[in-house]
Amino acid sequence: MDFSFTQEQEELRREARAFLEANADAPLDRLRELGWLGVSVPEERGGGGLSFVDEAILFEETGRALYSGPFLTTAVVLPALEELDELAWSIELDGLVPHLDAVDRVLREDGSVVEARGETLPTVDETRPLGRLGEIVADSNLRSDLGGFEGVRLRLLAGLAAEAVGVASKALELAVGYVSEREQFGKKIGIYQAVSHPLADTYVETELARSLAYWAAWALAAGDESAPVAAASAKSFCAETAVAACERSIQVHGGIGFTWEHPLHRYYKRAQWIDAFGGHAARQREVVAAALLD
């Protein structure tokens, strides 16, 4: 079996990366114009007719670019709708709602849909605030059943895993670029084992994280019974990998890595946000343990 990406998927990745490098703060409507929203929705319902694996490629690239809009939350809800709409969506987990101040509707944990009204809370990642719903205002024009909350939750976990892979790969890229140029005692610091070995570990962990993220995406796309375990495994490992990648990158950058001027602190904050939202790694591994020991 060939597990490599297709030529079309590689082209999607290249185009997404090129666009996001030049337009990291593009509004959600711009991404909608590009056809990124509804990628995995069947064509007969107005979507792109591709798979969730293709959508995961976009999630990885938005993570790499630290995209700040509600793309992920909207994209994981849209496949559950009867037909595509022009609204921005978020999803409630553990009583918290990402991008509450930037979306139109929220899918709640009980499967109901409400208007996005409530209190916005600061988070470690200022580009991705959380909120708590206030007075619940139901909209009679919205469907109360979006095809199952659990499917949306699993897509969100898998999407966060793919985002984390993007964060980890960018942190590694920044670290390798720096140690390949920075000199001490007349030598590039990348030749020293104390520098190169942690980065080698990061590379191995990032590649494993990518495999887990796309296993979860495939399992969801195929409706495979392993999807809950795959999503939990990917979320736990990929998030921890992103946090570790950022910490090691900051370490090898030395003093500059701790400054506000350098972008690493923003990647570190996004990695920590991904790790925390929806449950830290220990909570996700409970799902894996239950599946193994049941």
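**Stop 1: one turn of helix H1**

Select Glu11 and Arg14 in helix H1, which covers residues 7–22. The two are about one helical turn from each other, because they sit 3 residues apart in that helix. This is a predicted model, so treat each stop as part of a prediction. Now show the side chains. Glu11 and Arg14 form a salt bridge, and the closest N and O atoms are 2.6 Å apart. Is Glu11 buried or partly exposed? Glu11 is partly exposed, with 33% relative accessibility.

**Stop 2: a pair in helix H2**

Go on to helix H2, residues 28–33. Select Asp29 and Arg32, which are 3 residues apart, about one turn of the helix. They form a salt bridge too, with the closest N and O atoms 3.9 Å apart. Colour the two partners separately. Arg32 is buried, at 15% relative accessible area. Asp29 is partly exposed, at 49%.

**Stop 3: a bridge between two helices**

Select Arg210 and Glu60. Their salt bridge has its closest N and O atoms 2.8 Å apart. Which parts does this pair tie together? Arg210 is in helix H6 (residues 193–222) and Glu60 is in helix H3 (residues 52–64), so the pair links parts 150 residues apart in sequence. Both Arg210 and Glu60 are buried.

**Stop 4: Ala217 on helix H6**

Stay on helix H6 and pick Ala217. Ala217 is buried, with a relative accessible area of 1%. What does Ala217 touch, not counting residues up to four places away in sequence? The answer is Phe52, Val53 and Ala56. Ala217 and Ala24 are 193 residues apart along the chain, and their C-alpha atoms are separated by 24 Å.

**Stop 5: the nonpolar core**

Nonpolar side chains in soluble globular proteins tend to be buried together. Here, the largest nonpolar core has 80 residues. Start with the residues that have the most contacts inside it: Trp36, Phe59, Phe71, Val106, Leu156 and Cys238. Then show helix H5, residues 149–179, which gives this core its largest share, 14 residues.

Zoom in on Leu156. Leaving aside neighbours within four places in sequence, Leu156 is in contact with Leu72, Val76, Ile91, Leu93 and Phe277. A second, separate core has 7 residues, including Leu172, Ile189, Val195 and Leu199.

**Stop 6: the enclosed space**

Rolling a probe the size of a water molecule over the atoms shows where empty space is left. How many cavities of 30 Å³ or more are there? The count is 1. The largest cavity holds about 30 Å³ of space. Select its lining: Leu72, Thr73, Pro98, His99, Arg128, Leu156, Leu160 and Trp273. Helix H4 (71–77) and H5 each supply at least two of the lining residues. By class, the lining has 5 nonpolar, 2 polar and 1 charged residues.

**Stop 7**

Most residues other than glycine have a negative phi. Keep His99 selected. His99 has a positive phi of about 55°, although it is not a glycine. His99 lies in the loop between S2 and strand S3 (105–107). At 4% relative accessibility, His99 is buried.

Next, select Asp94. Asp94 also has a positive phi of about 55° without being a glycine. Where is Asp94? Asp94 is in the loop between strand S1 (89–91) and strand S2 (97–98). Asp94 is partly exposed, with a relative accessible area of 45%.

**Stop 8**

Finish at the second largest pocket, which has about 280 Å³ of space. It is lined by 15 residues. Select those closest to its centre: Leu66, Thr127, Pro263, Arg266 and Tyr267. Which helix gives the most to this lining? Helix H8 does, with 5 residues. H5 and H8 (264–276) each supply at least two. Colour the lining by class to see 6 nonpolar, 2 polar and 7 charged residues.

Methods:
Residues numbered from 1 in each chain as written. Predicted model: local features only at pLDDT ≥ 70, side-chain atom pairs only at ≥ 80, totals over all residues. Heavy atoms only, no water. Core = buried A, V, L, I, M, F, W, Y, C linked by side-chain atoms within 4.5 Å. Buried < 20%, exposed > 50% of the residue type's maximum accessible area, 1.4 Å probe, protein only. Helix = DSSP H or I, 4+ residues; strand = E, 2+ residues; numbered from the N terminus. Contact = heavy atoms within 4.5 Å. Salt bridge = Lys/Arg side-chain N within 4 Å of Asp/Glu carboxyl O. 1 Å grid on protein atoms, 1.4 Å probe; cavity = no way out; pocket = protein on both sides within 12 Å on 5 of 7 lines; lining within 4 Å. Points joined across faces, edges and corners; volume = space filled by probe spheres on them. Nonpolar A, V, L, I, M, F, W, Y, C, P; charged D, E, K, R; others polar.
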